[in-house]
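Here are my notes on the model you sent. Please read them with the structure open.

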Amino acid sequence: MLKQLSFNLPAKPALGRDDFFVAPSNAMAVAMLDSAFTWPSGKLVLSGPRAAGKTHLVHVWASQSGAKIIAAADLSEDRVPELARGPVAVEDVPLIARSPAAQTALFHLHNMVLANGHALMLTGQAPPNLWALSLPDLQSRVQAATHVALEAPDDALLAVVLAKLFDDRQIIPKPDVIPYLVAHMDRSFEAAAQIVAQMDEISLAEGRTLSRPLAVRLLAQNQYEMSLESEPKDD
């Protein structure tokens, strides 16, 4: 039997405001990004687990405010003056905890953006007090920012996230797939992203539809692999 050819085409996420579903777990964060809301400190830290929607909200805010978006790891001092001419969003700040140069650049960017009267958004998975930045002046300024967190999803939000992830890949599961996944999968955004990617890959490779039996098989396989990883290793 010939195996169907599959092409690893990148999913293009929809990052508009209308594509973001507001639920109790993220309502506060969405409210803080409203164009009519002014952050008390002129800066906001947005935290939440991987795939929780931080990047989506960053793009929503940037489209409203005209902010530039940059990864913290890409910061350098020579880029600061240009970036500081308007509002800025810096993503994944904890990743530079061991980079003195990037932290110094962010420290100067922080001061210059606020001195110019613009807003600054910073993102990371953990709350800002756990970012462990090695530059004390930067860590203290981060912790002084207004902070809002994206929480774990409830059933309604998890279902919408799964639907959006399937739609981003331009694939349509059978109607009973998402309810089954919501009831049986790990309750995290990261797990949702992994499951959708796996189902897409398997369906392409095997020429199968995105059905409940496929979802059952995949979740059982993932659970089995996790049990193997948790077993104690022989010395």
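1. Q170 is found in the loop between α6 (155-168) and α7 (177-184). Helices are DSSP runs of H or I, at least four residues, and strands are runs of E, at least two, numbered from the N terminus. Phi of Q170 is positive, about 60°, although Q170 is not a glycine. Most residues other than glycine have a negative phi. Q170 is exposed, with a relative accessible area of 72%. Buried means under 20% relative accessible area, exposed over 50%, partly exposed in between (1.4 Å probe, protein chains only).

2. A caution on the source. This is a predicted model, where local features need pLDDT of at least 70, side-chain atom pairs count only at pLDDT 80 or more, and totals for chains, interfaces and linings use all residues. Residues are numbered from 1 along each chain as its sequence is written, and side-chain values use heavy atoms, without hydrogens and water.

3. D92 sits in the loop between β3 and α4. Its phi is positive too, near 60°, and D92 is not a glycine. D92 counts as partly exposed, at 34% relative accessibility.

4. Now strand β3 (residues 88-91). V88 and V90 point one way, A89 and E91 the other way, and all are buried. In a regular strand the side chains alternate between the two faces of the sheet.

5. Strand β2 (residues 68-71) runs parallel to β3, joined by 4 bridges. Two strands pair if DSSP finds at least two bridges between them. K68 has V88 as its bridge partner in β3.

6. β3 also pairs with strand β4 (residues 120-124), in the parallel sense, over 3 bridges. The bridge partner of V90 in β4 is L122.
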